Amino acid sequence: MEMYLYIALFAPLVGSLFAALFGASPKTLIAGIVPSALLFISFLSSLVLLVHVIDGDVVHVEMMTWMAAGDLYIPFGFVVDQVSVTMMMVVTVVSTVVHVYSIGYMDHDKGFNRFFSWLSAFVFSMMVLVMSDNFAGLFIGWEGVGLCSWGLIGFWYHKESATWAANEAFIMNRIADLGMLIGIFLIYWNTGSLQYDKVFAQMSGVDISIVTMIGIFLFIGAMGKSAQFPLHTWLADAMEGPTPVSALIHAATMVTAGVYLVVRANPIYDLIPDVGYFIACLGAFVAMFAASMALVNRDMKRIIAYSTLSQLGYMFVAAGLGAYWVALFHLMAHAFFKALLFLGAGNVMHAMNDELDPFKMGGLRHTMKGTFIMMTLASVALAGIFPLAGFFSKDLILEVSFIEHHYILYTVLLLTAGMTAFYSFRLIALIFHGEERYKLFGFHPHEAYKYMLIAMSPLALLAVIAGAFKMTYFEMVTKILPMTEYHVHNPMVYWIMTIGTQLFVIACILYAYRKYEVVKEDKKMEENIGYKILWNQYYIPRLYDEYVAKPYQELSRIFWKDIDMKVVDATVDMVANVFYKTGEKTRGMQNGNLSSMLQWMVVGLVVMLALAAVYSIATALVAG
Amino acid sequence: MMEIGLNHYLVLSTILFAIGLLGVMRRRNLLMLFFATEILLNSVNIAFAAISHFYGDLSGQMFAFFVIAIAASEVAVGLGLLVVWFKRSGSIDLETLKSMRG
Amino acid sequence: MDSILTILIFFPAVAGVLGFVVHKDSIRAYGISVAAIEFALSLVLWMGYDPNVSGMQFMESIPLVPEFGISYLLGIDGISLFIIIMASFFTMIGIATLGDTKRIKDMIITLLFLQMTMIGVFASLDAILFYVFWELSLVPMLYIIGAWGGPLRIYASVKFFLYTFTGSLVMLVGMLFMAYFYQQATGVWSFSLLEWYRLILPENYQLWLFAAFFFGFAIKVPMFPFHTWLPYAHGQAPTIGSVLLAAVLLKMGTYAFVRFSLPLFPDASVFFMMPIAVLAIIMIIYTAMVAYAQEDIKQVIAYSSVSHMGVIILGTFALNVEGIAGSVFLMIGHGIVSGALFYLVGVIYDRRHTKMMSEFGGLASVMPRYATIFGIMMMASVGLPLTINFVGEFLSLLGFYKQSHIMTLIAGIAIIVGAIYMLAAYKKIFFGEVTKEENKNLPDVNKREMFALIPLTVIALWLGIYPKPILEPISNSTESIVQLMHDKAITQEAKARIPNLVEEMSLSRTLTQEAH
Amino acid sequence: MFEAIAFYLFAFLTITMFFITVMSKHALYSMTALAAGMIFISAFFFMLGADFLGAVQIIVYTGAVMALYAFGMMFFDSTRELKEKNTPSLLVFGLGGMAALLTVIIVAAPIVSSNITAAYPIVEGVGNTQAVGMVLFTKYLIPFEVAAVMLLVAMIAGIVLAGKKMDVSLTLVEDDVIPQPEKEKEKAAS
Amino acid sequence: MLEPVNISLESLNLSTLTPMLIPIIGALVILCIDLIKGGLNKSLYVMLSLLFLLMDFGSLVDFAQLFSQNGTMMGFFDVMLIDGLAIIGQLIIVVSSMLFIPLSLTSKRFHEYAYPEFYALFLFMIAGFQFMVATDNLILIFVGLELASLALYTLIALHNRNKSFEAAIKYFTMGALAAGFFSFGAMILYALTGSIEINQISAVLAADGYSNIGFVLVAVTFLLASFGFKLSLIPFHAWTPDVYEGSSAALAGYMSIVPKIAAFVVAMRLFEFLVHSNVIWLETILYILVVLTMTLANIWALVQSDVKRMLAYSSISHAGFVMAAILIGTTQANSALFLYWVLFAFSNLGAFAMLWVNRQKVLIAGQDSDHPFEKFAGLIHTMPTAAAIMGLFMLSLAGLPPFGVFWGKMYMIGSAVSGGYTVLALIMALNSAIAAYYYLKLIVFMFMKEPIYQTDKAIHMVNASMPLKTIIGFATVITIFSVFIVSPLMEFITALVYNSGY
């Protein structure tokens, strides 16, 4: 089994390096095919491991020492257990699809080879992240995906906005990483190890306040990667990257790393339900918050990004409430349909020459049938309509919050579910239905390559059927996660809830269709203050820009020009200048005149005599 | 007051020495400056002789003797220098000795 | 093997003297061969080094001034070994990749002398001998900056010299005091570090001596607020000067902290730990912000050096094995990375004769290989895991976390602010459209430059992934220092702050046994 | 009594003379006053029983030194009134006065010492000259000889400095224009 | 009647005179040769002087051995005092003279070397200094000092140009004043103790318990002023830069070494016992003098535009630095003084010799002194070796290890440290840093600037000749490898100083 583990882990790396060989040369198809094939191999190995692990076995290897100093001992160790295998499956499946899809999507791009190198490198980092058996290894992957995300968001580096977004994403993530690092330090100094098993085994013996700190700091790390408020702004801006990247990184895998971390560290969070509750609240808040922004946005990818954010909020609610397997399940389901949604959006963008405003589209269902079907499927899944994946996973989270008696959370999540349905179908309606507005702008849409659609189809399939695996999954994953089944015991309530929710969601969908089937300018709404707030994303980006970025820049300049140059350095120069100036000023004493020289001698004599007189008088007085 | 002791001589010597210092400081003519240096040495000689007398010890007189010898040789060298300088510059005024400074 | 350290130190110097005879057309080949032999010798040293011994190895001792206790005492441990290797390595690639330089003969001979002093500093175990090399290293660097530097080169070089010289004179007074105390205690003069290690001083003496040594070391490091010579020196120095300055010369200060301040004055180290940590944090954050405001790419890297040195200082004053080993490792890491970054700036400077970031933009498409290597080095500098700097930074911060949570939290901002200025600089140079006509046809890195850059890149990654061969000897040697400090400490606080490894070692041994 | 009167008289005279020496604008007055002052000093020597010293004082100073100065004065043609730009006199007098005052304050105090022993006591009945000669040629023979060498040096210095050879400076002219020494000239001629 | 004096010749210990007699005889021989046959080449006189100095050196070595066996020797009615200080002092004087005298073998002709009297006076001067250090009789000190000084004034003037006369006259006049100070100070001491021998004086003072402290202080004040002049302590230093500038570089270098070491030895004899008597005043005064001299001289040296003048100020500063030894007063400090001075002698010899070989007779346009910094600009391009050697001497003078002066500096600061003068040690260290600036200035000019004077005339090395180069080479070697001579030197010096009771 170890061999499969290594294959699953390193195949993407090999792919990345292979593509990197062609990094500086013009487009080479093989640079796309080989990494894709390798990823498929990685997927197969993961599958083998899944089959192996599903019965409760765990594959654990220690490849080599990484760091050892003093008592610290960190190996490159990898573990394939039920949790990580889930993630591996998600990662390999989605990434294989995205790779194949990208061969078509990036067809005309100059940076084709570079793209695959980065993309495979990302997959490798993600695999390290999920497979590592210790926090340090997790951190490697954690930073690695950050790096690749930077490279991929800023992939079109000639665009100012892209590079800006890349840097923003990296820096935001770094802020969170600091929290994570501190969490790791705390773990090390309190347990003497960073290996998951050892840490968790000792955790119960650690002072609860420290466990709380650990929980908080680790969660700060998770907040950055999963773009939770207030570190969420980067995710929307990250849409500057190529769409496959958004599908893979900013929907399916990387952003869910935070959820994975919380799930992975469940023995810690189990000890500190208060922190868990906070996580859940924040999750619910973000779910609502992000969904609200998606309601009015006019950028196709940003809408989907906010939807991702919103869904991450859901996952955190589940994780925070201790329903780790639910969170993980939603993570998986979400990965499939959200990636599908993004890839569909990619097709649309391709067709529309990278136009992102859905108000300039409309009626595309005729020219892009395949895409239309798949995106609609994905949206239905996202909205949580039975029997698609979203229903099983998302409604479960609603149930969890209900069962745990967090009714406020429940209400928030329910409302958010409605909003989700609304904005999803607003998008579908705007893109695929109604008039063919694009003609006004002179676009000539066309369907994407066949194989791109074929590549997407596994995702579509999974988006449809993933819910069916719920029980199998439950049994597998609860071998290491807390085995809590969430059932509303009163069947009456259960049915009312389920059907009610379904109806509510469908109502929202219908409202969205009605409202956006025919597009008309609604000035009144746009001048509404609520609309403005939402449209400006609650003014948070501007806030950050005005009150963080600009002051930082200004302060840096002041530090340099005014403090470093005018105070610190000037002081040093002043010390030197004092000596030099004293010399310049007093060298006149040596005026070459013999009389003054003689007088100086006498001055010296007289001064010494004066001191002598003072001293001898003083001695005389003391003696007398 | 009327009993002349060693201190009287010392005070006298000091006063003379101070006059010599005064001259050294204020004279601008090199020759006259040299006069002042003679006063310095002479004033000391009085004190040496006096101490020698009051202590009944000859060393002081010896010292004074050598001081005279030294004064004499200084005059020779000093005048020699002045002569060359005068030949060069036509002046023995201190003001001419200002080519080096700073 | 017995006198390999002597050979290592004086071989370049002798070669430098002989180099005067070599014709200037052939001097480059001569320089390369000498430096390569020297590097090979340093590798031989590594071969012969026994990583399991934590004490000094390859000791040589010849009394120089026995009346005053000065001797020619050499020896290395895991801490100095790798810095020596790094010094010889950088000299080698520095000479090998020297561009078209005026008066190349003078340059190469100067570099060889510089190499002697660099290695001498790290191999000396006698305080005066150490001081000799320490001061002597200023001269070649003065010449390199002053003769081959930019427009402000004279100001920069003189400032560099005088500032460091002043600091080290105070240090000299400290050394003399130390020797005097030793003489008071034992009746004989001695400047041997190993002898000094045995001396336990009262706390107030320790404080004063620590301050005196600190002054010398802090300027060299350079620590805030003594750092302002560094941007000038780097800004004006030729590429090779900056590379060696950043890679090796700055390490003298931090190395000296580990070698002198900590084991000699454990109580003072504990006493001053927090103030120094505050300084280190100011260095980290403040200079990172200053770096962000720079317009000249070289200045960015210069200030980033200061910022990184802050982390090294912090790790050193963690006073535990993790922290100190981390900081020593970071010395190597920072040497490799900042050396490479300075070299990279030199590459672009050779082509465009400007270092202003506003002159560039969009170079990623013009010079993709260059951009890639720069990117890797930048990420290493930012401290990405699996690069060399991460290991050091992680261990340093980890170590200091034991001493102060909140300080480490603030110091950890390093990873944020570091990313900010580095990414901003990278963006300005490499991203965006190529706007300047001159930049459109810039040649990518050539073979000679690759000769320097490839090994550095490989090392930066290799040691990030597999630091063990270096980290293990460092850790071993660090353990003996920490144990020495613990044993010597006299105040309760110091005893508490500095871990006692004798117990812990057994504990860790059981832990590792469990792990296997 | 007589001693006191003599002391005060001569003290007054010497001080006056030297003061004139220092203050006079005329070099001639100045020199004359100096000579007079020195003769008055010799009076002190006689009063103090240092007859030999008194004689030497008169001979050396008034005889030799003053003669030298007189020659010098003639050479420098400085008999006329001098125009001296004097330094701010307050400073000069202040310094001189301070020096005198401070020294006098301290020196006026009596010396208390019981440990003073005369190394070369003045023996009653022995002529001063004889006694001086005795000491000078035993104990102080070396200083005496050194003083002789010093006088030799002074003589050489005087001769060399005032000599004709100083008129053309070899230091200032380039080597190729230096007049060749006689011998080489001859060689060149032959 | 006086008793006739009967003295056995052995008790006179006439041999104590040999070291001084040799140069005197040498001088007389030179004068005689000149009388017999004039117009002989200067090389003859140089070599003769060298020979006599060599003999002198030999006799001193002999004495050093004798001293190690028998201890201090007194001679000639206890006028002569051959103790360790005298031996080291004389050795330094004679060896320095031996190194400086060949500097007159220049390739250019200078006025003073045309005189055989120059060499005679030179040897007389050496004898004078030797007398100064080899006695504790104030009279002999005074006479020796004057003998040397008068000869020195003449030597300066013999360079024969306006500046040298100016220098000689300034030196002479101030010297006369200092002589007055010395005699006044000696007079007070005599009045106090009835003796003019230093050990006697100290014995009487100690017996009195320094009861007449006012007198002591006045005496010390005057003596300090007098020796302050010789040692060029501020504010008695004013002659130094002008005299150095006015005289030839060779002589200036000589003046920075030999007269000062003689004065140091005397100062050590005079003040050491007072320092040990815990007179706070003296300690304060010396402290102030030392610090002022070090610091101000350094500060003034910073702003000089002529290298020789800069070196003049630097030598003032070095003297102040070394004067600290007298203040500290321990055996270590006193040994450090000599060690420092020996090492300083070599570096300074080298530096001044380098200036000397650079001396051109006719200044070119734009040059207003013999050795302006501009003259050395870009020397590394034209004469790399010369530049490197000059740079080396500058670094040594700056106290950069491992070159000569560093060891002296280190030992001196070390003695300050062990003498309990912490602040002084720091001031000394920081002053070295200030000093480094002006030494660097020359290095900057030589190594980092382009040549400034565009001229076809050779202005560097014009005055060089084989002997000069040899001397410079010798100084270079000693400066570089000084670390190897420090140990034996220190052993030798410490033994001598310690056995003399200092």
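Predicted model: local features only at pLDDT ≥ 70, side-chain atom pairs only at ≥ 80, totals over all residues.
Figure 1. If you follow the helix along, look for E:Tyr439, where α18(E) bends by about 25°. Most of α18(E) is covered, with 23 of its 27 residues buried.

**Figure 2. Where chain E meets chain C.** Here 28 residues of chain E are in contact with 27 residues of chain C. On the chain E side, α17 (404-418), α18 (422-448) and α20 (482-499) each supply at least two of the touching residues. Which helix gives the most to this side of chain E? It is α18(E), with 12 residues. By class, the side of chain E that touches chain C has 22 nonpolar, five polar and one charged residues.

**Figure 3. Chain E as a whole.** The C-alpha trace spans about 80 × 60 × 40 Å along the principal axes of chain E. Of the 502 residues in chain E, 71% are buried. Among contacts in chain E with a separation of 6 or more, 82% come from residues 24 or more positions apart.

**Figure 4. E:Phe124 and the largest nonpolar core.** The largest nonpolar core has 817 residues. Which of them touch the most other members? They are A:Ala339, A:Leu340, A:Ala463, B:Leu81, E:Phe124 and E:Ala324. This view picks out E:Phe124 and its partners, leaving aside neighbours within four places in sequence. From chain D, E:Phe124 is in contact with D:Val149 and D:Val153. Within chain E, the partners of E:Phe124 are E:Ile24, E:Ala27, E:Leu147 and E:Ala151.

**Figure 5. Where chain B meets chain D.** Of the eight pairs of chains in contact, chains B and D share the most contacts. In this pair, 60 residues of chain B are in contact with 74 residues of chain D. The chain B side draws on α1 (6-26), α2 (30-55) and α3 (59-89), each with at least two residues. The helix that gives the most to this side of chain B is α3(B), with 21 residues. By class, the side of chain B that touches chain D has 41 nonpolar, 14 polar and five charged residues. Chain C stands apart from both partners: no contact joins chain B and chain C, whose closest C-alpha atoms lie 24 Å apart. Chain C and chain D do not touch either, and their nearest C-alpha atoms are 35 Å apart.

**Figure 6. Chain C as a whole.** The secondary structure of chain C comes to 23 helices and two strands. Its radius of gyration of 22 Å is close to the 24 Å that the globule rule gives for 516 residues, so chain C is as compact as a globular protein of that length. Taken along the principal axes, the C-alpha atoms of chain C fill a box of roughly 70 × 55 × 45 Å. Buried residues account for 68% of the 516 residues in chain C. Among contacts in chain C between residues at least 6 apart in sequence, 79% join residues at least 24 apart.

**Figure 7. Helix α20 of chain C and what covers it.** Helix α20 of chain C (residues 447-465) has 19 residues and reaches 26 Å from its first C-alpha to its last, close to the 27 Å expected at 1.5 Å a residue. The buried residues of α20(C) are C:Glu449, C:Ala452, C:Leu453, C:Leu456, C:Thr457, C:Ile459, C:Ala460, C:Leu463 and C:Gly464. What covers these buried residues includes α3 (78-96), α14 (321-352), α16 (368-382), α17 (388-403) and α21 (468-488) of chain C.

Figure 8. You can find C:Ala246 in helix α11 (residues 239-264) of chain C. Is C:Ala246 buried or exposed? It is buried, because 30 other C-beta atoms lie within 10 Å, and 20 or more are enough to count as buried. Leaving aside neighbours within four places in sequence, C:Ala246 is in contact with C:His234, C:Ser305, C:Ser338, C:Gly339 and C:Phe342.

Technical notes: Residues numbered from 1 in each chain as written. Chains lettered and ligands numbered in written order. Contact = placed C-beta atoms within 7 Å. Helix = DSSP H or I, 4+ residues; strand = E, 2+ residues; numbered from the N terminus. Nonpolar A, V, L, I, M, F, W, Y, C, P; charged D, E, K, R; others polar. Rg over C-alpha atoms; globule rule 2.2 N^0.38 Å. Buried ≥ 20, exposed ≤ 12 C-beta atoms within 10 Å, placed from the backbone. Expected span 1.5 Å × (residues − 1). Core = buried A, V, L, I, M, F, W, Y, C linked by C-beta atoms within 7 Å. Bend = angle between axes of the 7 residues up to and from the residue.
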